[in-house]
Amino acid sequence: QVQLVESGGGLVQAGGSLRLSCAASGRTFSRYRMGWFRQAPGKEREFVAAITWTLGNTDYADTVKGRFTISRDNAKNTVYLQMNSLKPEDTAIYYCALQQRTSVPYDIWGQGTQVTVSS
């Protein structure tokens, strides 16, 4: 069973930075792309960023472009989300998710890590 474990969340003031990590472990698994999503209270879950494992191609939501950077360490099976210039509206539970093949949706999810940005 593949497991994803997020870490790095916390409380930070507006303008500050945090780095989230997502480590994948378990049996040998297929991996096409890893994504970060977030869900704020009372809102639907939304896409934040994604990166392909092989080529490192990235994609970002417009709301985080220029502030967040996604990266990966293939040897450690770990994906990172560097978040700079944080805003109160970035407050949410952040989840990482694995898309194992191009033809399927994200099907493995982590438990989430809370990010709170104070004004």
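**Strands and a disulfide**

Author: Let's start in β11, where T113 is the bridge partner of Y94. Keep in mind that this is a predicted model: local features need pLDDT of at least 70, side-chain atom pairs count only at pLDDT 80 or more, and totals for chains, interfaces and linings use all residues. Residues are numbered from 1 along each chain as its sequence is written, and side-chain values use heavy atoms, with hydrogens and water left out.

Reader: OK, so in which sense do β9 and β11 pair, and over how many bridges?

Author: Antiparallel, over three bridges. Two strands count as paired if DSSP finds at least two bridges between them. The strands themselves are DSSP runs (E, at least two residues), numbered from the N terminus.

Reader: And how do β2 and β11 pair, parallel or antiparallel?

Author: Parallel: strand β2, residues 10-13, is joined to β11 over four bridges. V12 has V117 as its bridge partner in β11.

Reader: Which residues are on the covered face of β11?

Author: T113, V115 and V117 make up the covered face of β11 (residues 113-118), while Q114, T116 and S118 make up the uncovered one.

Reader: Switching topic. How many disulfides does a search of the whole structure find?

Author: One. C22 and C96 form it, with their sulfur atoms 2.0 Å apart; the cut-off for a disulfide is a pair of cysteine sulfur atoms within 2.5 Å.

Reader: Where in the chain are those two?

Author: In distant parts of it: C22 is in strand β3 (residues 18-25) and C96 in strand β9 (residues 92-99), 74 residues apart.

Reader: What's the handedness of the link between C22 and C96?

Author: Right-handed, with 60 degrees about the S-S bond.

Reader: Why does C22 count as buried?

Author: Because its relative accessibility is 0%, and buried means under 20% relative accessible area, using a 1.4 Å probe and protein chains only. C96 counts as buried too, at 0% relative accessibility.

Reader: Back to strands. What's the order in the open sheet?

Author: β1-β3-β8-β7, four strands with antiparallel pairing. β1 (3-7) and β7 (68-73) stand at the edges with a single partner strand each, so one side of each has no neighbour in the sheet.

Reader: How much are neighbouring strands of this sheet turned against each other?

Author: By 15 degrees on average, direction ignored. Axes here are lines fitted to C-alpha atoms, and angles run from 0 to 180 degrees between N-to-C directions.

Reader: How many bridges join β1 to β3?

Author: Five, with the two strands running antiparallel. V5 stands opposite A23 in β3.

Note on methods. Buried < 20%, exposed > 50% of the residue type's maximum accessible area, 1.4 Å probe, protein only.
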